[in-house]
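Here are my notes on this one, point by point. Have the model open while you read.

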Amino acid sequence: MHFPHDDPYWQSVADFLLGRFGKESRIVAPTEFHELIPRTFPYDVIRHIDLKEMQAVVIHKGTLKEVGESTCALLAKEGTPLFGNEVFVVFTLKEPPVARLTGKEHFTDFYLKTKDPGTFPVNPVKLHSEFTDKATVILMTTYNRPDRLELALESIAPLKAPILVIDDGSDAKHASAYAAVYERHDVRILNMPGNRGLSNALNAGLNYWLADPLVEWICYLQDDVEVRSDLLVALARVQDPVNYPLLTGRRNNLHKIYGEKEVNGQKILLQRMSPGIHLHAHRSYWEKMLPIPTAYFQAPRHWPELPARGADEDWWISQWSPNSIVKAGKYIAVLPDLVRTTAVLPAESTWGSPGKPEPLLPSPCYATDGFVAATFRSTPSKSGASTKLEPIRNFWEALAARFGQKSESEIHPHAPAECAELYHAIDSGSTELETLNFINALICLFKPLKALETGTFLGYGTCAITAGLKSNHRGHLLTLEIDSIRLQWSRDHLHQFDPQLEEKVTFINESSLDFIARYQGEAFDFVFFDTEVEIRIQEFRLLRERNLFAPGAICIMHDTSPHRPPIHDGAGGAADFHDRELLSSLGDDFEVFQFPRSRGFHLLRYCGQKSISMK
Ligand SMILES: C[S@@+](CC[C@H](N)C(=O)[O-])C[C@H]1O[C@@H](n2cnc3c(N)ncnc32)[C@H](O)[C@@H]1O
């Protein structure tokens, strides 16, 4: 489109602009001006640029609809008029050096038209959308953590917002676990063809949502989150595209708090950095962040030649981007206690985050029933997704669905007779899932009243025992752990698995031998021995000496495989199980069954005074 030099109205504006600002100036104007002034931005890109950076905004009075209602209103209110003729009005939003105005009389019709709603009919093409109204949507990234994603999606589902999950090229071995997660949840899935790193996944996901003009707020969450059901309601009280375009529901203790405010009755903290675990922003803010740079190939990960370093996407979004909130002199609005990470940070963080397990979230405090995150124009939700029945799972599968599972053969060295490849565990310190399943079933079968576990670790044995007690509607567990941090983790895991189990257990932070030596309560009718293999037989002896086995009591002595090979330098083998001969010389007092596979266990039943009676 050539510039119409023969049109006096166009030419007079061009003469004004070139004379006043020169051909290097930055202006907003119809695209024809590009021929004369290369740094011309057409009306179509107004929402992607900062009008205050422009030396002039040239408005063709016949195309106010294309300029848009909000831009016209802004110019009418804050713009300094510079030049006008029958066809054009020219403004600046920059501080004008000297406002010399030519053609003042030609601005009146611009002001009048701007106030007339009929000037700006809704443009149905521009609003074409899958939603009926402005929508808040969820974006999640995941990589090799189907178990974490499952947990996260369970807490996100009550937000009732459309969810896009981007898998950043997870390893093929996780494919079936991911497929199972997607079966259970109503999500859209974008699979990267290969692992490229978090920023790339985030860019792809943001672009997916931004392609819909009614997507207004994009709530980015990583796959290890737990969220409160009133997350979006609480954010909606504060979010504001101008003053608070970037928010987070998680307080970041590693960085400074610059102030506190109350917005619509909601307390917020002001920070300049928020980790990527949760970042919630207006579409105009996300648009300004793109593309988020990739710090290094496949970031975040441990490359041997690189010092530990994250993906830095959160630094870019918070403060490194020239368009970030911090560079604009403002702050991230932090609404604490709406989101937490379920990851055990130092162990799972790629860059070695020094965090501790995060405390549980408080209960929601806002009603969520009136909040609509997004309404679809038609209802193209995945066929049958909402009516699908949960498959019935045994205890092992339920625990693995929450916390994941690995093959026992990947975790520990094993002798072939132990058939480790057939067994599974969540991690190397926790009991095998099949053994936990058996313990859960034993509890359901024997209906104990007073159970004891020595060695809580991450609480999965505690889950198995208390889940059985819950099904029985009777019984209580005491679980002993010497390490207070582990005890806190296990409380968290129990809560994540089923909060109703909490009333079935007392967590005790004490050495098992000290506790058993001082214990004055009722005798135990179920005991799971699972501390260090060096002391389990001492625990057994002490319970016996103190007459703390109830008649008919059932015991599991874990890790007694006779084949157990040493882990290194001869240590950690079957011989380390001190005094294990005792288990073969209990005489008539105990019935004994030995299970030799995987890590093995002895199942003991105390016959008491030759009685098989039970309470
Ligand atoms: C094998 S893990 C327990 C696993 C857990 N029972 C399960 O089913 O997943 C052993 C735990 O015992 C704890 N422990 C070691 N010696 C202890 C003692 N004397 N008293 C209490 N806890 C002890 C360790 O800190 C560790 O967390």
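1. A term to settle before the sheets: two strands count as paired if DSSP finds at least two bridges between them. Helices (H or I, at least four residues) and strands (E, at least two) are DSSP runs, numbered from the N terminus. By that count, β4 and strand β5 (residues 88-92) run antiparallel and are joined by four bridges, with T80 standing opposite T92 in β5.

2. Before going further: this is a predicted model, where local features need pLDDT of at least 70 and side-chain atom pairs count only at pLDDT 80 or more, while totals for chains, interfaces and linings use all residues. Residues are numbered from 1 along each chain as its sequence is written.

3. The β4/β5 pair sits in an open sheet of five strands with mixed pairing, in the order β2-β1-β3-β5-β4. β2 (40-41) and β4 (80-84) are at the edges with a single partner strand each, so one side of each has no neighbour in the sheet. Helix α1 (residues 8-20) packs on this sheet and touches β1 (27-28), β3 (56-60), β4 and β5; contact here is C-beta atoms, placed from the backbone, within 7 Å. The direction of α1 makes about 20° with that of β5 (axes are lines fitted to C-alpha atoms, for helices over the stretch in contact, and angles run from 0 to 180 degrees between N-to-C directions).

4. There is also an open sheet of seven strands, again mixed, ordered β21-β20-β19-β22-β23-β25-β24. Its edges are β21 (505-508) and β24 (590-595); each has a single partner strand, so one side of each is left without a neighbour in the sheet. From one strand to the next the twist averages 15°. Strand β19 (residues 450-454) pairs with strand β20 (residues 476-480) in the parallel sense over five bridges, and E453 stands opposite T479 in β20.

5. What comes nearest to the ligand? Of the 22 residues around the ligand (C-beta atom, placed from the backbone, within 6 Å), the nearest are S430, T431, G455, F457 and G461. β19, α15 (460-472) and α17 (512-518) are the elements giving two or more residues to this shell.

6. On domains, the assignment (automatic or from a database) gives domain 1 (8-115), domain 2 (135-348) and domain 3 (398-606). The centres of domain 1 and domain 2, taken over C-alpha atoms, are 38 Å apart.

7. Last, have a look at A211, in the loop between α7 (198-210) and β9 (215-222).

How values were computed
Contact = placed C-beta atoms within 7 Å.
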